[in-house]
Amino acid sequence: MNTCFRIKELRQSAGLTQAQLAFRLDLKSPSTVAMWENGDRKPPSTLLPRLAHALGVTVDGLYQDSKNTDQ
């Protein structure tokens, strides 16, 4: 599974809107989150720990296929 789709899946599972996630990450615009989810851009590596925390997973969890999360 592509990372961009995993971010969207995790965000929705956490019950967050793109705007809420953007706010938690101190981003200027929710469109940044939309670009990550669409695969237009990738989150910077320096932001991955905060992104993972906001979504309730480890950094590795951002990359796992949802079918393999219970391993």
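In which helix is Ala52 found? Ala52 is found in helix α4, in what is a predicted model, and the points below take up this residue before turning to other parts of the chain.

- Ala52 counts as buried because its relative accessibility is 1%, where the cut-off for a buried residue is under 20% relative accessible area.
- Leaving out residues up to four places away in sequence, Ala52 touches Val57, Thr58, Val59 and Leu62.
- Between Ala52 and Ile7 there are 9.1 Å in space, taken from C-alpha to C-alpha, while the two residues are 45 residues apart in sequence.

**The largest nonpolar core**
- The largest nonpolar core has 15 residues, and those with the most contacts inside it are Leu21, Leu25, Trp36, Leu51, Leu55 and Leu62.
- Two or more residues of this core are given by each of the elements α1 (3-13), α2 (18-24), α3 (30-38) and α4 (48-55), and the largest share, five residues, comes from α4.
- Leu21, one of the residues with the most contacts inside the core, is in contact with Arg11, Leu16, Val33, Leu51, Ala54 and Leu55 once its neighbours within four places in sequence are set aside.

**Buried charged side chains**
- Glu37, which is found in helix α3, is buried, with a relative accessible area of 3%.
- The side chain of Glu37 makes a polar contact with the side chain of Arg11, at 2.5 Å.
- Arg6, found in helix α1, counts as buried at 5% relative accessibility, and a polar atom of the Arg6 side chain lies 3.0 Å from the backbone oxygen of Gly61.

**A loop position with positive phi**
- Asp26 has its place in the loop between α2 and α3, and Asp26 has a positive phi of about 60 degrees although it is not a glycine.
- Asp26 is classed as exposed because its relative accessible area is 65%, the cut-off for an exposed residue being over 50%.

Terms used:
Residues numbered from 1 in each chain as written. Predicted model: local features only at pLDDT ≥ 70, side-chain atom pairs only at ≥ 80, totals over all residues. Heavy atoms only, no water. Core = buried A, V, L, I, M, F, W, Y, C linked by side-chain atoms within 4.5 Å. Buried < 20%, exposed > 50% of the residue type's maximum accessible area, 1.4 Å probe, protein only. Helix = DSSP H or I, 4+ residues; strand = E, 2+ residues; numbered from the N terminus. Contact = heavy atoms within 4.5 Å. Polar contact = N/O pair within 3.5 Å; in protein donor to acceptor, adjacent residues only side chain to side chain.
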